Every structure is written in structure tokens, then in C-alpha cells.
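Visitor: I am new to this structure and would like a short tour. May I ask questions as we go?
Guide: Please do.

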Amino acid sequence: MTTFKDLGLNENIIKALTDLGYENPTEIQEKAIPQVIASKKDLKAFAQTGTGKTAAFSLPILEQIDTNSKNTQAIILSPTRELALQIAKNIEEFAKHIKGFRVSAVYGGASIEDQIRKLKKGVHIVVGTPGRTVDLINRKQLNLKNVEWLVLDEADEMLNMGFKDELDKILAVTPEEKQTLLFSATFPREVESIAKNYMHKPVEITSGEKNKGSDQVSHQFYVVSERNRYNALKRIADVNPDIYSIIFCRTRRETQEIADKLIKDGYNADSLHGDLSQAQRDSVMEKFRKKHLQLLVATDVAARGLDVTDLTHVINHKLPDQIESYTHRSGRTGRAGKEGISIAIVTGREKNKLHPIERIIGKKFVKTPIPTGKEICQNQLLKLIDKVHDIEVNEAEIKDFLPAIYKKLEDLTREELIQRFVSIEFNTFLSYYENAPDLNDSEHMQSGRETRGRRNDENMSRFFINIGKKDKLNPARLIGLINDQDIAKNIEIGQIEILDTFSFFELDKNYQEETLKAFESNDNSFEGRSVNVEITEKKRSGRGGRSGNRRRRDNGSNNRNENSRSGGGKRRSKDRKENSSTPSGFGRKRSTRRKG
Ligand code: AMP
């Protein structure tokens with residue numbers, strides 16, 4: 001097996017690597033380190049996060065740095081402040097036995113004066129985000145004229161984030177004869193054009209196949225209807241009591257909404273996105289790194305550079321718009337030799353987005369059923385038992401209380417005792433998942449096609465409307481009329497039945513009250529008739545369901561769902577539904593909400 005010594009690194013560096021527990025080089029390190037030490041040729045490397053790429057570019061540079069000079073000899077550009085800080089920290093660790101060596105990170109959102117002060121002392125390697133680096137160049141505080149190495153780390157991300165102009169400016173002030181090292185997980189056109197314009201006949205190296213994900217990651221998908229997406233997410237978290245995961249969302253708003261719901265439902269979660277201040281982001285990341293948070297809901301950009309190596313899962317609450325981002329997301333798990341699972345929660349319609357991703361990652365997504373309430377209860381129970389089994393007993397502290405406790409419990413057998421103690425922790429969980437519905441969207445598990453107007457399931461409410469064929473009503477006009485009421489975005493419409501003088505339609509039960517209110521307050525008329533909508537009982541089978549089933553609206557409103565935005569009503573535990581909060585306390589800590 002190759003050693004770091006074989007790659008041409010000196011004793012000081014090897015000693016630091018041993019301190020860090022690095023025993024052997026990773027594939028990318030084995031390829032990049034001797035190449036950069038031995039040759040001045042530019043290097044183009046296909047490497048994912050988690051492959052050990054930071055050491056792959058830092059170590060050969062460190063090997064050649066001249067600490068007798070105060071000049072900045074290397075500039076490393078990275079897309080985010082967090083990644084820049086992480087790289088600088090890694091380099092500091094690698095160089096801890098190199099006397100007189102200095103590295104410094106420069107990034108936005110922090111005092112530029114402090115950074116200038118550090119630069120003035122003479123820094124051998126500067127790690128910077130593109131914006132702040134340009135700023136410092138413009139202020140003549142960062143001199144890159146003596147740079148021998150320029151590293152573009154996560155070049156695809158830097159271009160994704162719109163740093164093309166900054167990269168052009170920085171590249172323009174560095175010497176022609178420097179060595180450029182470009183690291184990227186994906187190579188879209190923009191990255192290829194940077195390589196073409198700024199690199200001279202680069203040597204290409206690959207760690208794993210181009211664009212492909214880590215072998216340590218398995219990919220799963222769950223098919224749900226839109227309204228069950230969040231409940232599916234909760235079940236995935238519940239069935240994995242030890243989950244430590246980033247949940248990726250597409251927008252800041254979606255990120256905040258999901259995090260808020262999870263926090264409200266008692267999960268140990270928080271959000272990370274660009275609307276938070278730097279201080280808030282730092283604090284969330286710190287809590288997540290220290291595992292004080294189990295679930296981090298994040299946007300792609302905000303999660304960049306978060307160096308967490310042992311995520312159990314990456315969850316795509318929604319798939320990213322750009323396929324390449326999936327590789328970045330899933331690359332957050334399965335790092336440093338550990339196994340990880342990347343999960344995509346998709347609707348029937350979104351299923352076809354998986355194929356292009358499969359082509360890029362070179363792996364198939366495994367269709368996985370959403371866990372049932374029973375499976376969740378079983379996993380949570382086993383976790384509880386493990387906890388009991390492994391708990392450290394502080395005999396000295398409890399010994400005074402024990403005689404009285406033994407006495408109180410003396411008439412119970414061992415079996416009865418176990419049953420009771422399990423029930424204390426477990427009853428809420430059991431009742432929560434009692435009669436929990438199957439969330440799998442079986443219609444779409446096979447075909448992947450979204451069909452409308454065919455459901456008659458328990459999540460729909462059925463409404464009577466006093467207009468029909470005689471009023472020139474047809475399904476399309478009825479859907480138009482429903483949409484005009486502006487009840488909720490993307491509300492799901494179920495079965496529609498148009499009869500001669502009246503009709504029926506089904507809508508998401510969660511919006512029952514809103515639907516009635518909207519029709520009432522909008523005071524609609526249709527072809528000259530005033531429109532009246534009432535709740536009716538559900539059809540029992542494919543036939544029947546006439547107006548005889550109609551109920552007065554007052555009665556209908558008692559089956560209002562707890563999720564109803566019109567709110568109100570205390571929850572009774574007995575008819576607790578899955579849209580209500582998950583029982584907290586069981587395997588979950590209630591997290592405190594961030595202020596401001
Ligand atoms: P990176 O791809 O640079 O973000 O590295 C991913 C993780 O792997 C980091 O936590 C590194 O500390 C760790 N790592 C990198 N190289 C090695 C190595 N040769 N042996 C063990 N761990 C490593």
C-alpha cells in the first residue's frame with residue numbers, strides 16, 4: 001500500500017498527518033501529490049467533496065512553500081466562507097510542524113481590517129472567497145504577483161454562484177507562469193471554458209469516474225403525493241432514531257417552512273439558508289457539527305463548505321433544479337470511508353427526474369416503501385431498549401432511593417415491570433402511529449404518471465355544489481371555479497361528478513374549512529346563478545353519493561383536520577392524526593428556537 005512518504009512528502013508533514021490519523025493517501029491524493037511536486041504542469045482534477053481533495057492540493061504546495069520568504073505563494077479560491085475557513089484550518093493542521101509558516105482565510109461578512117492586518121504580517125497561503133479576494137486586490141492589500149500556485153476548489157460551485165467575473169479578475173493579476181490546479185465535482189461548459197482559457201495543456205486526474213458519486217453512498221427514492229411529502233420526511237426521521245442528516249430544500253422559504261414545522265413537531269432540527277445573518281449561520285453550523293442538532297434543513301448554497309463527515313443520511317426534500325447539485329448533495333454523506341444513504345422524496349410526476357441523475361451518478365435509485373407506523377414503532381422501541389441496556393447506572397446517587405422503590409414494585413413480575421416501563425415511554429408513539437395510513441403513492445410507484453380526479457381516499461373531503469350540466473358546468477369549468485377561490489396553492493382536487501342540476505367535487509381535507517369559507521365570502525355566481533357549496537359525506541363506493549348524503553355545514557365542520565389553517569380546537573390524543581405533531585421526547589430533544 002502506498003504511503004505518504006512514497007508520495008514525496010517530508011517528515012514534518014507526515015508527522016502532522018499521523019497526528020490527524022491519516023494513515024494512507026486517498027486515491028486523489030495518490031494521484032495529485034506526486035504530480036504537483038514533480039511537475040509545474042497545470043492540473044485538472046475531477047473530485048467530489050469527501051475524497052480528500054483538500055489534502056490533495058494543499059500537501060504538495062506545502063511541501064514546496066518557501067518559509068524564508070514573506071510573499072504570498074499560493075492563492076486558493078473556494079465558493080463559500082465556510083469552505084475557505086475549513087481549508088485554512090486543514091492547512092494549519094497539516095503545517096503544524098513547519099516553522100514560520102502562515103496561512104490565512106479571507107472572506108466576506110467579516111471585518112476586512114482584521115484580514116488586512118493578518119495579510120500585512122506576510123501570509124504564505126491565502127484561502128479566499130472570490131468576492132473578498134477581489135476587494136482586497138482592489139484595495140492593494142493582497143499582492144498576488146508572486147503566486148506560484150493558484151487553486152480553484154469546487155470550480156463548478158463558484159461558477160454556479162456567479163463568481164465568473166471575480167475569477168477573471170483574480171486570474172488576470174496572477175503571473176502567467178504559475179501552476180493552476182482546478183478541482184471540480186462536475187464539468188459543465190462553464191468550467192471547461194475556464195480550464196480552456198486559463199490553463200495550459202493541463203494534466204487530467206480523476207478520483208472515481210467523472211461526475212460519479214461516492215461508492216459508499218446508496219440512493220433511495222420514496223414516491224408520495226405532494227401533500228404527504230412532509231409526513232414522509234417525518235417517517236424517515238422516525239424510523240431512523242439515530243439519524244444525523246441534512247435535508248435539502250430548493251428555496252430559502254421552503255427551507256424555513258420545513259425547519260419550522262419540524263421544530264414545532266418536536267424534532268431536533270434547525271434551518272440554514274441565506275436569509276440568516278452570518279452569526280446565525282455560524283451558530284447553527286456549530287450546533288450541527290457538535291451533533292446538538294440531528295436534522296439540518298438547508299439550501300444547497302448554504303450547506304456548501306459545511307465539513308461534516310459522518311452524516312447518516314442526505315434527504316432531498318425536493319430534488320434540485322440542476323442535476324449536478326444532486327451529486328454535491330449526496331456527496332455530503334458516505335465520506336471518509338463511511339457508508340451513507342441519499343434519499344429523494346418525489347411525487348409521481350417528479351419520478352422521471354431520477355433517470356438523468358442515475359446516468360450521472362452511475363447508480364440506480366432503489367425504490368423504497370415509506371415506513372409503516374409498525375416499523376417505526378419497532379425501531380424506536382429497539383432504540384429505547386438499547387439505551388436502557390447501555391445506560392450507565394450511578395449506584396451511589398440512587399442507592400438511597402432504591403429500597404422504597406423496590407418495595408413499591410415488589411408485587412410486579414419481571415415481565416410486568418418491563419411491559420410497564422416500556423409503555424411509559426412508548427404509549428404516545430404507539431397511539432400516534434396507530435392506524436397511520438400508508439403514505440406510499442402506489443398509483444405512481446409503477447407508472448410514474450399523475451392521474452387526477454380518480455381518488456376517493458380518506459384525505460379528501462367531498463363537497464356539494466348547487467350547479468350542474470344545466471348551468472353549462474363541466475369538469476374544466478368547475479376546476480376553474482375552484483381555482484378562482486384562491487383556497488391554497490396547488491390544492492389537490494379529487495373526484496368530480498357533474499350531474500344535471502348539482503355536482504360534487506373532492507378537495508384536500510386539510511383545506512375543508514378554507515374551502516367553505518372561500519366559497520361563502522367570494523359570493524360567486526355562475527351563469528347567473530348564485531353558487532352555494534356545502535360539505536357532504538364521502539361516497540362509499542363508485543356509485544351513489546347523491547344529495548341525500550348531504551349534511552349541514554355545521555355538522556361537517558367537526559371533522560376539521562388539525563392542520564386546518566383556520567386553527568383552533570384542542571387536540572384530543574385519541575384521534576390524533578399524522579398531520580399533528582410527532583410525539584416529542586421519544587428519541588428527540590425539543591430544540592430551542594433561534595431568536596431573531
Ligand atoms: P475533503 O474531501 O478534503 O473534504 O476530505 C474529506 C474528509 O476526509 C475530511 O474530514 C478529511 O479530514 C478526511 N481525509 C482526507 N484525507 C484523508 C486520509 N488520507 N486519511 C484519512 N482521512 C482523510
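Visitor: Which residues of β15 point one way, and which the other way?
Guide: Keep in mind that this is a predicted model. In a regular strand the side chains alternate between the two faces of the sheet. In β15, one way is taken by Met460, Arg462 and Phe464, and the other way by Ser461, Phe463 and Ile465.

Visitor: How many residues of β15 are buried?
Guide: Buried means under 20% relative accessible area. Strand β15 covers residues 460–465 and is mostly covered. The buried count is 6 of its 6 residues.

Visitor: Which residue of β17 is the bridge partner of Arg462?
Guide: Start with the pairing: β15 and strand β17 (residues 503–508) run antiparallel, joined by 6 bridges. Arg462 belongs to β15. Its bridge partner in β17 is Glu506.

Visitor: What stands opposite Ile465 in β20?
Guide: Strand β20 (residues 533–536) also pairs with β15. That pairing is antiparallel, over 4 bridges. Opposite Ile465 stands Val533.

Visitor: Let us move to β1. Which residues there point one way, and which the other way?
Guide: Strand β1 spans residues 43–46, and the four named here are all buried: Leu43, Ala45, Lys44 and Phe46. Leu43 and Ala45 take one way. The other way is taken by Lys44 and Phe46.

Visitor: What stands opposite Leu152 in β6?
Guide: Leu152 lies in strand β5 (residues 149–152), where Leu152 and Leu150 point one way and Trp149 and Val151 the other, all buried. β5 and β6 pair in the parallel sense over 4 bridges. Opposite Leu152 stands Leu182.

Visitor: And which residue of β5 does Ala74 stand opposite?
Guide: Strand β2 (residues 74–77) pairs with β5. The sense is parallel, over 4 bridges. Ala74 stands opposite Trp149.

Visitor: Is Pro188 buried, exposed or partly exposed?
Guide: Pro188 is found in the loop between β6 and α9 (189–198). Buried means under 20% relative accessible area and exposed means over 50%. Pro188 has 24%, so it counts as partly exposed.

Visitor: How far apart in space are Pro188 and Leu159?
Guide: In sequence they are 29 residues apart. In space, C-alpha to C-alpha, the distance is 9.8 Å.

Visitor: What does Ile247 stand opposite in β12?
Guide: Strand β9 (residues 245–248) and strand β12 (residues 313–316) pair in the parallel sense. They share 4 bridges. Ile247 stands opposite Ile315.

Visitor: Which side chain makes a polar contact with the side chain of His219?
Guide: His219 lies in strand β8 (residues 217–223). With a relative accessible area of 2%, His219 is buried. The contact, at 2.7 Å, is with Tyr326.

Visitor: Now the ligand. Why does it lie between domain 1 and domain 2?
Guide: The ligand is surrounded by 15 residues, and Tyr22, Gln29, Gly50, Gly52 and Thr54 are the closest. By class, that shell has 4 nonpolar, 9 polar and 2 charged residues. The ligand lies between the domains because the shell takes residues from both domain 1 (5–207) and domain 2 (217–372).

Visitor: How much of the ligand does the protein bury?
Guide: An N or O atom in the side chain of Tyr22 is 2.5 Å from a ligand oxygen atom. A polar side-chain atom of Gln29 lies 2.8 Å from a ligand nitrogen atom, and a backbone N or O atom of Asn24 lies 2.9 Å from a ligand nitrogen atom. Taken alone, the ligand exposes 490 Å², and the protein buries 81% of that.

Note on methods:
Residues numbered from 1 in each chain as written. Predicted model: local features only at pLDDT ≥ 70, side-chain atom pairs only at ≥ 80, totals over all residues. Heavy atoms only, no water. Near = heavy atom within 4 Å. Polar contact = N/O pair within 3.5 Å; in protein donor to acceptor, adjacent residues only side chain to side chain. Areas by Shrake-Rupley, 256 points an atom, 1.4 Å probe, with all protein chains shown as cover. Nonpolar A, V, L, I, M, F, W, Y, C, P; charged D, E, K, R; others polar. Domains from an automatic or database assignment. Pairing = 2+ DSSP bridges. Helix = DSSP H or I, 4+ residues; strand = E, 2+ residues; numbered from the N terminus. Buried < 20%, exposed > 50% of the residue type's maximum accessible area, 1.4 Å probe, protein only.
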